Amino acid sequence: FTGEIRCEAPNNKLDKFTGTLTLRGEKYALDNEKMLLRGCTIRNTEWCFGLVIYAGPDTKLMQNSGKTTFKRTSIDRLMNVLVLVIFAFLALMCLILAIGNGIWEHDKGYYFQVYLPWAEGVNSASYSGFLMFWSYVIILNTVVPISLYVSVEIIRLGNSFYIDWDRKMYYPLNDTPAQARTTTLNEELGQIKYIFSDKTGTLTQNIMCFNKCSINGKSYGDVYDMSGQRIEVNENTEKVDFSYNPLADPKFAFYDHSLVEAVKLNDVPTHRFFRLLSLCHTVMPEEKKEGNLVYQAQSPDEGALVTAARNFGFVFRARTPETITVVEMGETKIYKLLAILDFNNVRKRMSVIVRSPEGDLTLYCKGADTILYELLHPSCNFLKGETTEHLNEFAGEGLRTLVVAYKSLEEDYFQDWSRRHHEASTALEGREDKLSELYEEIEKDLMLLGATAIEDKLQDGVPQTIETLAKANIKIWVLTGDKQETAMNIGYSCNLLNDDMEDVFIIEGSTSDDVLNELRNARKKMKPDSILDSDEINIQFEKSSKNQIIIPDEQANGVYGLVITGHSLAYALEGNLELELVRTACMCKVVICCRVTPLQKAQVVELVKKYKKAVTLAIGDGANDVSMIKTAHIGVGISGQEGMQAVLSSDFSFAQFRYLQRLLLVHGRWSYIRMCKFLKYFFYKNFAFTLVHFWYGFFSGFSAQTVYDEWFITLYNLVYTSLPVLGMSLFDQDVDDRWSMLFPQLYVPGQQNLYFNKVVFVKCMLQGIYSSLILFFIPYGAMYNTMRSDGKAIADYQSFALMAQTCLLIVVSVQIGLDTSYWTVVNQFFIWGSLSVYFAITFTMYSDGMYLIFTASFPFIGTARNTLSQPNVWLAIFLSITLCVLPVIGFRFLKAQLKPTPSDKVLLKIKEAKKRPPPPSPKRRLRRTSTRRSGYAFSHQHGFGALIMSGRNMRPKSPFATTGTFSPNSDKYKHKGL
Amino acid sequence: MKTKTSLLPKEGEAQPSRCPDNSAFKQQRLPAWKPQLTIASVLSCFFLTGAFCLTVGVCLVLAANSVREIQIDYSDKCSDCSKFRENSSNWNKECHCSVNFTLQEDILGDVFMYYGLQNFYQNHRRYMMSRSNAQLLGRNVKIQRSSCAPFSTYRNGTPMAPCGAIANSMFNDTIDLFYSRNSSVIQVPLLKTGNSWWTDKNVKFRNPESYNLSSAFAGTARPPYWHKPAYLLDEEDERNNGFVNDDFIIWMRVSAFATFRNLYRRLRRVRHFAEGLPAGNYTFRISYNFPVSRFKGRKHVILSTVVWSGGSNPFLGIAYLVSGTAATLAGFVITGIHLKLRKKKTYFQKQ
């Protein structure tokens, strides 16, 4: 095989390909139809020849996945700004002290030269001041928290480990624990405002399951207990035993025993119902081993229906272009397939015409209720009413419904119809119209059989998770490649959309102007003012250039949803419409984007990132989510089911969507609170520590004399104060995980960035300044012109240094004690340990032995013994602590009393709730009240009918008949592993 | 909790390999004490602290008031000497001056004599650094390279002993106290040792070893401002001579502030002075050697008794009283606010 392929350079267009294959001098055109893109699977094909055209990063898929950017948290960015501010502050302090030194040397130092000549080379006061500037830079540099960055990383790492270790985020079924793949983004998890979620595989399991049905006016599928109460289906509910049927699919589960009874009792409508399900479809069976049937269905819905029929004893076993083999209650029957009246988007139904072994001609039809109800025979009116009731019930539970009906055909009529059908199907002109006319003609006066209800299985706990996240004020956007109908249906079934909403806007314009109008109309309805020129944001637009605008949050006058299709989205993402889209979409509680390409997913995320000051999270499981996972501030991959692509590019991964609430509300929230507390305390302790030097400068001739022993300065950040704050930021919990989940409102302060921002920083700074004033002036006042109780002088430098540093250390230890709301053993150990280590080290360093061995290093010999034995030293220490700490206690208490933040109120509620016995487990069934008829269970593409009737795909020799076409917009693109 | 754990494999079953450990630490379920700011804890905090501070404050103020202290600024009273000292050519001439004062009442108990200096920046960084602990420990008396600059060696290379700016600027006034009793003048007996920390006297300061002290200091010279070498600081008492001289040790323990007092002498309670200082007329006879006028320094001589809380400085007592009052008042304010809020809350609840 030698040939040559010329094709276009790798690009990200999923629906286009041009190239030529030259083989033995002949040229063949290659287009998108002949391509298998990375990520799809071929069905009904054992093998095929292929040629790899693009590989690795050149594949269209990878081209679509966007660039990997280095992610940093907003606190990181804030920290960098703050460090710069602190540098400026340091420079200012040094400048003040340098000027002070200049003045002092001029006024006093100059005359004091009798005892202390100026240093060599210093010949003027101003030069001395200049030198002192740099000396103070060295002394006061501790105000710049150098160890901050290291500590922050340690804390993040620790909090990431908690995510890895969490058993409540471990999925036992496929042995997948949660994983923090990036260890630097934890606190951002506590600030998420927008979640962008994929649908298939993330919200749904991509498993359709035959859940309920209505046969001849009787509804099956619900389980009742002895007293007639409907009970919840859970793992413990007894499944229906299908052992009478050797061909049953063991994975199929059904709980209502009465249906089996009906089948066993040879109830005619029931048998006809299942016979219909086993005949009327375009599924391909595959039986590689005897009895091991595998169905290849174009849409999972169809597969589910056929599987249901199979289990109840109507096993669809084989098909040829002319026949369908069904094992009916153990008895093999071969039906003659006379015609398939295939599905399309207008008809919304499909029918088959078969001849039973007994010779009866029957038309079986299934389709959307709205359509089928028009075609029923008038005699079904009563049954229609009952079935409608059931349909409403099914729809209310978010199930996808289909109505099934049949019709017996007269032999003569059919022969006539068949002839006309043949003519029409070979007609050259207007074939489609003629055919559909014929279909209309025969599909009428149908006899209603019943209805099926199929559940598009959601992942476990999805509606609850979404409800919880919505309570936490997180907005959820679903970005899916699915059709609008399916997407909206899922929207309803996971409680994203519901009937309580004022309106659900659907944007499906196909020109730029249409989209603009639709968006503006939606916004007009939600907030009429926002259209007016007088609106603040509009004014703001006028003023500033578009690229730097941050759109503030706008409040709509109700709860709205927005559904936008990929086609309209393409227009909406263009230049001028961007802002419209963001404003309108962000006002809605829920946004669903359907039929979007991977790149569009990323663009939507990018859009929100650009115009909203909000933290975004993208969650997905497939390769098509990679781009948005990479784009969002935080990317979460669902691991376990599909390939690893999404997980590999994600920051966090776990197996189930429902773990998201634990990740955000528990881990994220704790990480955020811990980080903020850590930063607050860290800045505080460094300010309190360093500024004492600043005040001392005014009393020591601005000579860059430190207040503390240099050993203390070295060990303060490293030994004495590092562990307690680390302990707090690894263990602290304001409320435990259960309460965090019960009160999602507690998450809101994180979104609003309330716990650490510039204002909080300034407050920390002021508190630090206040503490440093106390820490300097109380020891100063206590030592001034006084003596010890034995008459010896007390105000020597070393005693003062010891006193000041002891005060400082106890004050910051008490402060960390106040900040710690969760004292584990480790915290106790760290806090008390640090204090005792301080005293132990101090006494050791100030001991005789150390002095005699290292004379130059430990000049403070004896200070600890001599000074700490004095009552007035301890009284001064106690007073400093009281003055530093008591105002903080009072202020915190009063703030919570007078100006309680929403989270204070929640905490209060929790406190009260804790006194009462614990509430019953928060297990509640989300009863949907929707009356909306949900989507009919058909694939939204043209069916396989023609293919089956042609028999092409049944020829084992035709290896190229792939039935899996690749389309970027189709759901199928997603199903396959990579 | 129970419903959730039921999802997980039950205990006893073989655990899948990747399932995280069910330890309290890893699941963040470590038992913990969760203190909260309740009204009870806050109020008790404020009131207890308030009460404690007030009590201590009263005690401190009473104690400080019971201290008898006489402080005399002799920089003005000895202005002649002060001017005399400004002329550096007079450095080796003596200048004496007397300061009289009268005690109306007896000062009972131990009486301590201090010299106080004002505006003397012992806490200047370069001043504080300018010493050699190794030399003062007697290990290397002829130390050449040290932090003593600019007072480490003379131009000819002779090292100073003791070296450094601190030692060089040692306070060298001598103050004697005389008591006029029935027209006879008695010198008040004063103790010049036992005034420094034990650790300083016995560990931090040691004389270099040799057969006698002067030979131990051989090869070194006295600091430029000193009148006599170190080994002649106290010729009468071997244990108070050289580096272990109490006056020297006390001076070397530099003060934290520019205004300070150092213990100079203690009253030796014998004969007339067994009870303390009796009332009457006293005279300080000062040998004025230490010039301070150039840098506007001031010199004081202080006589004081001590109590458990130290000297007569009322700062700590007043600070305690103020803090105690503030804490108590704040406690009342918090109580008030709390009661008002609770009333409002119950009011709203009734509605």
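Me: What makes the stretch around Met329(A) a turn in a hairpin?

Reply: The strands E11(A) and E12(A) form a hairpin with 2 residues between them, and Met329(A) sits in the turn with a positive phi of about 45°. Before we go on, this is a predicted model, where local features need pLDDT of at least 70, side-chain atom pairs count only at pLDDT 80 or more, and totals for chains, interfaces and linings use all residues. Residues are numbered from 1 along each chain as its sequence is written, chains are lettered from A and ligands numbered from 1 in the order in which they are written, and side-chain values use heavy atoms, leaving out hydrogens and water.

Me: Why are E11 and E12 of chain A called paired strands?

Reply: Helices (H or I, at least four residues) and strands (E, at least two) are DSSP runs numbered from the N terminus. Two strands pair if DSSP finds at least two bridges between them, and E11(A) (residues 323-328) and E12(A) (residues 331-341) have 6, so they count as paired. The two run antiparallel. One bridge sets Ile324(A) against Tyr335(A) in E12(A).

Me: What does E12(A) do with E13(A)?

Reply: E12(A) pairs with E13(A) (residues 349-355) too, in the antiparallel sense over 5 bridges. Here Leu341(A) has Ser351(A) as its bridge partner in E13(A). In the loop between E12 and E13 of chain A you will find Lys348(A), with a positive phi of about 50° although it is not a glycine.

Me: Why is the link between Asp796(A) and Arg253(B) called a salt bridge?

Reply: The rule asks for a side-chain nitrogen of Lys or Arg within 4 Å of a carboxyl oxygen of Asp or Glu. The closest N and O atoms of this pair are 2.8 Å apart, so the pair qualifies. Across the interface of chain B and chain A the rule finds 1 salt bridge.

Me: What about the link between Asp301(A) and Arg400(A)?

Reply: Their closest N and O atoms are 3.6 Å apart, so this pair meets the 4 Å limit as well. The pair links distant parts of the chain, 99 residues apart: Asp301(A) is in helix H7 (residues 300-311) and Arg400(A) in strand E15 (residues 400-408) of chain A.

Me: How do you know how many residues of chain B and chain A are in contact?

Reply: Contact means heavy atoms within 4.5 Å. By that test, 98 residues of chain B are in contact with 100 residues of chain A. The area buried between the two chains (accessible area, 1.4 Å probe, that two parts lose on being put together, summed over both) is about 9000 Å², of which carbon and sulfur atoms give 64%. Gln28(B), Trp197(B) and Phe257(B) supply 9% of the area that chain B buries against chain A, more than any other three residues.

Me: What makes the bond between Ala161(B) and Pro162(B) stand out?

Reply: A cis peptide bond joins these two residues, with omega about -5°. Most peptide bonds are trans. You can find Pro162(B) in the loop between H6 and helix H7 (165-168) of chain B.
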